[in-house]
Each structure stands twice: as C-alpha cells, then as structure tokens.
Amino acid sequence: MSKPINVTRSSMPGFEEYCEEIRDLWESRWLTNMGAKHQELKKQLEEYQQVEHVTLFTNGHIALETAIEAMDFPEVSEVITTPFTFASTTHAISRNGLVPVFCDVDEDFYCMDPQKIEALITEKTVAIVPVHVYGNMCDDDAIEAIAKKHHLKVIYDAAHAFGAAYKGRSAGALGDASMFSFHATKVFNTIEGGAVCTGDGEMTRRMEDLRNFGFHTPEDGWYAGGNGKMSEFQAAMGLCNMRHLKGEIARRGAAVKRYRERLLGVPGIKLCPEQKDVTPNYAYFPVVFDGYKYDRNQVFELLKAEGIVARKYFYPLINGFACYKDLPTAGEEKTPVARHLAEHVLTLPLFADLTVEDVDRICDIILK
Ligand code: T4K
C-alpha cells in the first residue's frame with residue numbers, strides 16, 4: 001500500500017531550529033510562568049494580528065473558557081452559538097454556567113447564519129459565540145450589527161482562523177474578543193496552545209489573573225482562577241513556526257488549488273465557494289457528498305481502505321450530544337442545515353506537506 005495520509009500533519013520547524021530556540025532555557029531554567037519566550041511570542045502575535053492585547057494560554061479550549069469567564073455574565077444567561085463545531089465551543093459556554101442556544105448555519109460557508117440570530121434572542125441573551133469553521137470567515141458585519149442593536153458581546157471561536165482576514169482585518173481583530181487554537185493540528189501551532197485577542201485592557205487583566213490561579217499580586221487572590229499558562233517550550237515552538245507561517249499557508253493553498261481543479265463541478269460533490277473579501281488560511285478542506293455515486297460514509301471507507309484518513313468534522317452535531325440534547329434550546333431538528341451538513345460532509349487531508357501527487361491520489365480514489 002502507498003504511504004498512509006492522515007487528515008492533517010503538524011507543521012514543524014527544522015529540528016536544529018527548535019533546539020537553537022530552546023537552548024537558552026538550559027541556562028535560565030525559566031520554563032514557564034510567562035517567561036521571555038512567552039513575552040516575545042505575545043508581542044509578535046499582537047503585531048501580526050494588529051490587536052492591542054494577546055493573552056496566551058496552554059490550549060485553545062481554556063482560552064475560550066477563560067475569555068467567557070472574564071466577561072462575568074450572570075449565571076444561566078443565554079449565549080447564541082453554532083452546533084456545527086468542535087465540542088469545545090459549546091463546553092466553554094456551558095462550563096461557565098451559561099446556556100447554549102443553537103443557531104443554524106448558512107449553506108455555503110457553514111458559519112452561523114446571521115439571518116437566524118435575532119429570532120433566538122431573549123431577555124436572557126448576553127452574547128454570541130460564532131465560529132469561523134474550517135477557517136471560513138463569519139459575516140462579521142451582520143453579526144456586529146445585531147450585537148450592537150441588542151447590546152450583546154461577540155466572542156469569536158477563531159480556533160481555525162489564524163492567518164485569515166475579513167475585509168482586511170485579521171481574524172483576531174473581530175468581535176469583542178477572538179480565541180485562537182494553536183493545537184498541533186492547526187495552521188499555526190505551539191504544540192498545544194491558544195490565545196485570546198481583544199482591545200479590552202480590563203478584560204485582559206482579568207484573563208491574566210484567571211489564567212494564574214486568580215492571583216492579582218503574589219499575595220492577593222482576586223478570583224477562583226485555574227491554571228492556563230503557556231510554557232516556554234510551547235512559546236518556543238510558536239516563535240519558530242511564526243517564521244515559516246507565510247510559506248506554510250502558501251503550500252496549503254497549492255493543495256487546495258489542486259483539490260478544486262479535480263473536484264469542482266463534479267455532480268453530487270459540493271465545495272465551499274471562495275469567500276469574497278476574505279484572505280484565506282486554507283485550514284481545512286470540507287467536501288459535501290450529496291447525491292454523489294458514493295455517500296459520505298462510503299467515501300470515508302474507500303479512502304480508509306487505501307490508508308487515507310479523512311474525518312467527519314463535525315459529526316455528530318453538538319446539539320445532539322447526550323449532555324445537551326435535552327436542553328429546551330437544543331435538538332438537531334432546530335438546525336436543519338447543520339444537521340444535513342453533519343451527515344454529508346467529509347474533511348479531506350490538508351496540510352503544508354501534502355503534495356499535488358497526494359491530492360491526485362486522494363481524488364483518483366474518490367472519482368474512480
Ligand atoms: N474550537 C474549535 C472550533 C476547535 O476545532 C477546537 C479544537 C477548539 C475550539 C479547542 O482548541 P484546543 O483546546 O484543541 O487548542 C483535533 C484537535 O485535538 C483539536 O484541537 C481540534 N479542534 C479538533 C477539530 O481536532 P482530534 O481528536 O480530531 O485529533 P486527532 O488526535 O485525531 O488528530 C487528527 C490528526 O492530526 C491525526 O490523524 C494526525 C494529526 N496529528 C495529530 C496530533 C495530535 C499530528 O500530525 N500531530 C499531532 O500531534 O481533535
């Protein structure tokens with residue numbers, strides 16, 4: 001059998017480059033707790049994202065959970081979000097004692113459909129948590145207008161959107177706050193890691209305290225905080241990967257171009273259109289099999305038999321999860337577009353090292 005291909009493969013710097021980056025840690029013995037690498041990465045990301053404050057975390061989930069916590073909403077308030085995402089988005093809301101209310105997604109880009117938001121707003125609604133799913137950017141203009149009109153906060157789950165921009169604004173600069181995941185599987189990784197971007201200095205101060213056990217000063221605990229600190233080894237990986245980011249995104253783009261050449265226009269196969277006014281980051285390559293000679297599960301099995309692991313991101317839908325399905329605000333039937341999508345979508349392998357020949361091999365199996 002030819003070489004196995006997974007849905008993604010971590011981007012890594014050269015071995016020597018990483019060793020060089022971590023060399024001084026053997027002298028400083030400063031391994032975590034906001035050391036020099038952490039400070040340098042924070043500074044670089046603030047510049048890259050064009051935002052005032054970046055707060056680094058040990059992973060994206062804790063980043064989002066802490067961002068929501070720092071907003072200090074009254075318990076049992078409602079937060080409008082999407083069911084078509086990774087479980088982390090909803091868990092970050094619900095672990096803060098808030099109630100997720102699920103809004104359906106649009107048919108082209110699979111992001112929260114702004115036209116369906118207002119019908120879900122009640123007197124208990126405090127925030128909207130949309131997701132730039134697969135790196136497709138949400139309609140920020142429409143979401144911001146609704147949020148403004150109803151005095152709601154917007155906290156983007158931008159886990160997939162590092163490197164992408166909407167109308168010239170980087171993903172981190174949208175909403176009241178935006179969270180990135182820097183997990184090993186993302187366009188930019190710090191092994192595990194995450195960040196919250198915001199222009200709000202007071203919120204940043206609260207997140208910094210919450211990330212460090214709630215200490216405001218070494219002798220004063222203001223909150224019952226947790227531990228969400230990014231280590232120096234994670235930050236060092238980030239510093240290395242930042243040097244290669246542009247090239248990595250370009251190489252992903254070349255793979256996407258080939259996929260589109262092979263699959264666009266095939267009856268029964270639906271690809272996302274290219275987004276207007278968006279700088280893409282080519283994070284994922286979702287394909288909808290609807291009326292094709294093979295259904296989604298059959299394509300999954302055909303590829304698997306050839307050593308190619310595509311993924312059913314995001315199936316099952318979160319509003320059908322055992323822990324949410326009985327909420328009055330849940331139920332997959334309330335979000336029919338997302339439900340249909342979850343049953344038909346397959347995310348094909350995509351990473352910087354994926355060659356045009358690899359893409360051809362994958363497409364040959366699908367099209368044979
Ligand atoms: N919000 C959204 C919308 C998210 O998608 C995520 C995470 C979050 C929030 C939370 O962010 P983090 O707390 O994770 O920073 C993966 C990732 O673990 C997860 O980060 C990601 N989303 C989710 C969509 O996918 P799995 O269970 O599918 O990963 P796994 O272990 O099956 O890996 C997938 C493929 O990646 C493997 O087949 C090979 C490759 N891989 C994996 C690892 C762990 C590598 O090449 N290197 C590696 O180190 O969840």
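1. A polar side-chain atom of Ser181 lies 2.7 Å from an oxygen atom of the ligand, a polar contact in the sense of a pair of N or O atoms within 3.5 Å; within protein, one must be able to donate a hydrogen and the other to accept it, and residues adjacent in sequence count only if both atoms are side-chain atoms. Taken alone, the ligand exposes 920 Å², of which the protein buries 74%; accessible areas come from the Shrake-Rupley method with a 1.4 Å probe, and for residues only the protein chains shown count as cover.

2. This is a predicted model, in which local features need pLDDT of at least 70 and side-chain atom pairs count only at pLDDT 80 or more, whereas totals for chains, interfaces and linings use all residues. Residues are numbered from 1 along each chain as its sequence is written, and side-chain values use heavy atoms, with hydrogens and water left out.

3. Asp157 places a polar side-chain atom 2.7 Å from a ligand nitrogen atom, and His183 has a polar side-chain atom 3.3 Å from a ligand oxygen atom. Helix H4 (60-70), helix H5 (87-94) and strand E8 (177-181) are the elements giving two or more residues to the shell around the ligand. Helices (H or I, at least four residues) and strands (E, at least two) are DSSP runs, numbered from the N terminus.

4. The ligand is surrounded by 27 residues, the closest being Asp157, His160, Ser181, Arg311 and Tyr313; a residue is near if one of its heavy atoms lies within 4 Å. The shell divides into 9 nonpolar, 14 polar and 4 charged residues.

5. How many disulfides does the count come to? The count is 0, a disulfide being a pair of cysteine sulfur atoms within 2.5 Å. The sulfur of Cys111 is too far for a bond, because the closest cysteine sulfur, in Cys138, is 4.0 Å away. Cys240 is likewise in no disulfide, with the nearest cysteine sulfur, that of Cys19, 9.3 Å away. Cys111 is buried at 2% relative accessible area, and Cys240 is buried at 0% (buried means under 20%, with a 1.4 Å probe and protein chains only).

6. The chain has 11 helices and 15 strands, and buried residues make up 56% of its 368 residues. Its radius of gyration, 21 Å, agrees with the value near 21 Å for a compact globule of 368 residues; this radius is taken over C-alpha atoms, and the globule rule is 2.2 Å times the number of residues to the power 0.38. The C-alpha trace spans about 65 × 55 × 35 Å along its principal axes.

Notes: Ala, Val, Leu, Ile, Met, Phe, Trp, Tyr, Cys and Pro count as nonpolar, Asp, Glu, Lys and Arg as charged, and the others, Gly among them, as polar. Buried means under 20% relative accessible area, exposed over 50%, partly exposed in between (1.4 Å probe, protein chains only).
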